[in-house]
Amino acid sequence: MSDTKGFTPNEMMTIAASRALKSDDVCFVGIGAPSAACNVARLTHAPDITLIYESGTIGTAPDVLPLSIGDGELCETAVTTVAVPEMFRYWLQGGRISIGFLGAAQLDRFGNINTTVIGDYAHPKTRLPGGGGAPEIATSSRQVYITMAQSKRGMVEKIDFFTSFGHGEGGDHRKRLGIDTAGPTLLITDLAIWKPDPVTKEFTVVSLHPGVSREQVQETCGWIVKFAEALDETPAPTELELRTLRDLQARTKAAHQGTAKGKAA
Amino acid sequence: MVKFLPLKEAVAENLHDGNTVAFEGFTHLIPTAAAHEAIRQGFRDLTLIRMTPDLIYDQMIGMGMARKIVFSYVGNPGVGLLRRARDAIENGFPHAIEVEEHSHAGMANAYEAGAAGLPCAVFRGYRGAGLAAVNPNIKSVTCPFTGEVLAAVPAIRPDATFIHAQKADRKGNVLVEGIIGIQKEAVLAAKRAVVTVEEVVDNFDDLHPNLTVLPNWTIAAISVVPGGSHPSYTHGYYERDNAAYLEWDEIAADRDRFQAWMQKNVIESSPDDFAGRVGHLRKAA
């Protein structure tokens, strides 16, 4: 994957996502790509960021990336660990989360996410895990960031199921449903940074990662892509960012595979 | 009043065909040994409730024990999909199952309502979410004070709840610590609760006063099963066996391999086998 630039598209994605987070953010972390980005932020420019996982761990600082949202280290390094009903009632519903950070199996141009089914709900072609905490993270967090690698299968004209509501049909759709939070305000892919148009709420490319062309973005996206007039180039990862991410991933790999084989489940 | 029983008897006394049952554990403290005992006893027509169905419900569904599942995340956390559950939902194998799907917020609120003796839970949820359209148990109520429209779901009231926990004292009070998840609510919401523990200690005199302790009169039966949550973990005793979760993805992908694995590791095994499965996961400390 690594090319002449010295970093992979996925590394660029994770690092670009990490830069969007600040030390005073209270971030509800989805598993997978968001988890890596949030922890790179914590280990580089945002040391005081509060990371929250839905298992109830508040202010956690894991040394390796958790495989599940409930790995023991999340609890051991947390400021406090609360019960799951308290997590969703007091902390998320109570409006204390500044950023909900989500991944997606399927995404549309308005930031609506599907992680439930491919095909018809009652007779699915593929039954995916479902929403977990995401439906309420998407509406109760003050803002939502989304990160995913681009593909025509993932970024589609029409999602099969509305697991989590983004901007719906666009425009003021959130407001019409009585949702007063901002919703998706940032999309970071392996090729570009996207932000919603202020009026239509359609995700628009505002920055291309180094060496990425408009054509590449369009070829890996299922809708006609809109580009901002003043298109930026995302700064390449710094040496510190790359080293931090790679060290974290190496520690994580050793930890998850190092556990000797369990004989039963 | 609580009884200390061998796991086989605790399961036989408290679980019956056709029951609505929760085997809870939010990644942590999953009652795997109790689920395996239920599989050995071959119950049928169960309604399985759980926020994160995970490996044990994949196993119970694959063994044909479930009539219906109620859940909010039907995945192998951090690994991917649950392949036996998928086979049942997508292909009706070994038989079709009914599905009632919620969000985590919906399930957590519903358990809490069950523990609180309320008929339903009210919360700010499911706004714009497709689940509200496909699950008739997701409704709405209007706040009589502000006019805000809120989501409502029925309380969860299982016939039986099974959880794993750290330890009991001699009187049968139970300590749960670490990621406590939904353990307390699932026990208090149920008609009968069975707890497997790592060990029994004389008393809880040395515990912090605010720890989660379930008084003995809230529990029907306790069984001592060291390692009983493997490949999940017990905070303070042994770590999560992440390699086993990765391995399960391959085992469950194939119907025959699944059956062979179940025969060897569940049907022909016993609760006593769990201690040996966590030896390498105990911390050196």
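Student: In what order do the ten strands of the open sheet in chain A stand?

Tutor: This is a predicted model. In chain A, ten strands make up an open sheet whose pairing is mixed. Their order is 4-3-2-1-5-10-11-12-13-14.

Student: Which strands of chain A stand at the edges of that sheet, each with a single partner strand?

Tutor: A strand with a single partner has one side left without a neighbour in the sheet, so it stands at the edge. In chain A these are strand 4 (80–81) and strand 14 (226–233).

Student: Which residue stands opposite A:Ile188?

Tutor: Strand 11 (residues 184–188) and strand 12 (residues 192–196) of chain A run antiparallel and are joined by two bridges. The residue opposite A:Ile188 belongs to strand 12 of chain A. That residue is A:Ile193.

Student: At about what angle does helix 2 of chain A run to strand 1 of chain A?

Tutor: Helix 2 (residues 33–43) of chain A lies across strand 1 (26–29), strand 2 (50–53), strand 5 (99–102) and strand 10 (143–147) of that chain. Relative to strand 1 of chain A, the helix runs at about 150°.

Student: What is the average twist from one strand to the next in the three-strand sheet of chain B?

Tutor: The open sheet in chain B has the order 8-10-9 with antiparallel pairing. Strand 8 (120–123) and strand 9 (139–142) of chain B are its edge strands, each pairing on one side only. From one strand to the next, the twist averages 40°.

Student: Which residue of strand 10 of chain B stands opposite B:Ala121?

Tutor: Strand 8 and strand 10 (residues 149–154) of chain B pair in the antiparallel sense over four bridges. Helix 5 (residues 104–115) of chain B lies across both strands, at about 135° to strand 8 of chain B. Opposite B:Ala121 stands B:Val153.

Student: Is B:Tyr73 buried or exposed?

Tutor: B:Tyr73 sits in the loop between strand 4 (66–71) and strand 5 (75–76) of chain B. The cut-off for burial is 20 or more other C-beta atoms within 10 Å. B:Tyr73 has 26 within that distance, and is therefore buried.

Student: Which residues of chain A does B:Tyr73 touch?

Tutor: Within chain B, B:Tyr73 touches B:Met51, B:Thr52 and B:His104, leaving aside residues up to four places away in sequence. B:Thr52 is 21 residues from B:Tyr73 in sequence, with 4.9 Å between their C-alpha atoms. From chain A, the residues touched are A:Pro129, A:Gly130 and A:Gly132.

Student: What ipTM does the model score?

Tutor: Chain B averages a pLDDT of 97, and 99% of its residues score at least 70. The model has a pTM of 0.95 and an ipTM of 0.95.

How values were computed: Residues numbered from 1 in each chain as written. Chains lettered and ligands numbered in written order. Predicted model: local features only at pLDDT ≥ 70, side-chain atom pairs only at ≥ 80, totals over all residues. Pairing = 2+ DSSP bridges. Axes fitted to C-alpha atoms, helices over the stretch in contact; angles between N-to-C directions. Contact = placed C-beta atoms within 7 Å. Buried ≥ 20, exposed ≤ 12 C-beta atoms within 10 Å, placed from the backbone. pLDDT = per-residue confidence, 0-100.
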